Amino acid sequence: VAVPPSARQAEALREVARLVEQLEAVEAVDFGEAAVDRLEGLAFALRLAALVVFGLVFLTVVVVVAATLQLAIYARREEIEIQKLVGATNRFVRAPFLIEGVLQGLLGALIALGLLVLATRVGWPKLVALLGVLDAAAPAVTWRLAGEVAALGTSLGLVGSVLAVRRFLRA
């Protein structure tokens with residue numbers, strides 16, 4: 001029996017097995033329920049691992065942006081001191097570094113989007129061909145998703161730059 005892609009979920013497979021089992025000409029139905037259950041457990045573990053990795057990447061991005069901007073601030077500390085001596089406000093000193101952090105975050109988000117598009121166009125079909133029991137629908141990279149990724153990257157860059165600038169202006 002060939003299972004359509006829409007029925008390649010564990011519960012849908014069980015329902016198809018029940019329906020086929022009720023046919024008069026069928027003695028037994030085996031769709032590899034144990035393997036399907038193991039794959040469901042693996043999928044759950046992978047989703048959980050993805051959340052943990054997302055959290056770690058989130059923190060890493062903030063720390064990297066903050067460290068990069070701290071180096072930039074340190075390299076320009078004499079210029080900043082001169083600006084402060086001639087009356088520059090903290091806001092005036094802070095603005096270029098905040099913009100730099102936002103641009104770093106946006107650039108990182110655009111690179112991530114490019115890799116995501118590449119993975120869905122090239123990698124996903126190969127993965128579905130390898131593991132035929134998976135739902136064949138490739139994750140869509142929509143404009144909404146692109147906007148959300150860009151906004152998240154920009155936000156992370158802004159948070160990192162705020163942390164770096166705040167630390168410097170306190171000292």
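The model is predicted, with local features needing pLDDT of at least 70 and side-chain atom pairs counting only at pLDDT 80 or more, while totals for chains, interfaces and linings use all residues. Residues are numbered from 1 along each chain as its sequence is written, and side-chain values use heavy atoms, with hydrogens and water left out.

Q: Why is the pair of Phe 54 and Phe 58 called tilted?
A: Rings of Phe, Tyr and Trp (its six-membered ring) pair if their centres lie within 6.5 Å; planes under 30 degrees apart count as stacked, over 60 as edge-to-face and the rest as tilted. A search of the whole structure finds 1 aromatic pair. The ring centres of Phe 54 and Phe 58 are 6.3 Å apart and the planes stand at 40 degrees, so the pair is tilted.

Q: What separates Phe 54 and Phe 58 along helix 2?
A: Helices are DSSP runs (H or I, at least four residues), numbered from the N terminus. In helix 2 (residues 33–75) these two residues are 4 residues apart, which means about one helical turn.

Q: Why are Phe 54 and Leu 56 put in separate exposure classes?
A: Buried means under 20% relative accessible area, exposed over 50%, and partly exposed in between (1.4 Å probe, protein chains only). Phe 54 has 46%, so Phe 54 is partly exposed. Phe 58, with 33%, is also partly exposed. Leu 56, which is in helix 2, has 52% and is therefore exposed.

Q: How do you know whether Ser 161 and Ala 146 are buried or exposed?
A: Ser 161 has 0% relative accessibility, so Ser 161 counts as buried. Ala 146 has 17% and therefore counts as buried. Ser 161 lies in helix 5, and Ala 146 lies in helix 5 too.

Q: What is Ser 161 in contact with, leaving aside its neighbours within four places in sequence?
A: Contact means heavy atoms within 4.5 Å. On that basis Ser 161 touches Val 65, Leu 69, Phe 97, Leu 98 and Gly 101.

Q: What describes the packing of helix 4 and helix 5?
A: Two packed helices are described by the angle between their axes and the distance between the axes. Axes are lines fitted to C-alpha atoms, for helices over the stretch in contact, and angles run from 0 to 180 degrees between N-to-C directions. The axes of helix 4 (residues 90–130) and helix 5 (residues 143–170) come within 7 Å and cross at roughly 145 degrees. The residues of this contact divide into 16 nonpolar, 7 polar and 1 charged. In this count Ala, Val, Leu, Ile, Met, Phe, Trp, Tyr, Cys and Pro are nonpolar, Asp, Glu, Lys and Arg are charged, and the others, Gly among them, are polar.

Q: Which residues make the contact between helix 2 and helix 4?
A: Helix 2 and helix 4 pack at an angle of about 140 degrees, with axes 11 Å apart. Helix 2 contributes Val 65, Thr 68, Leu 69, Ala 72 and Ile 73, and helix 4 contributes Phe 97, Glu 100, Gly 101 and Gln 104. These residues divide into 5 nonpolar, 3 polar and 1 charged.

Q: What makes the charged end of Arg 77 count as sitting over the ring of Tyr 74?
A: A charge sits over a ring if NZ of Lys or CZ of Arg is within 6 Å of the ring centre and within 35 degrees of the ring normal. The charged end of Arg 77 sits over the Tyr 74 ring, 4.0 Å from its centre.
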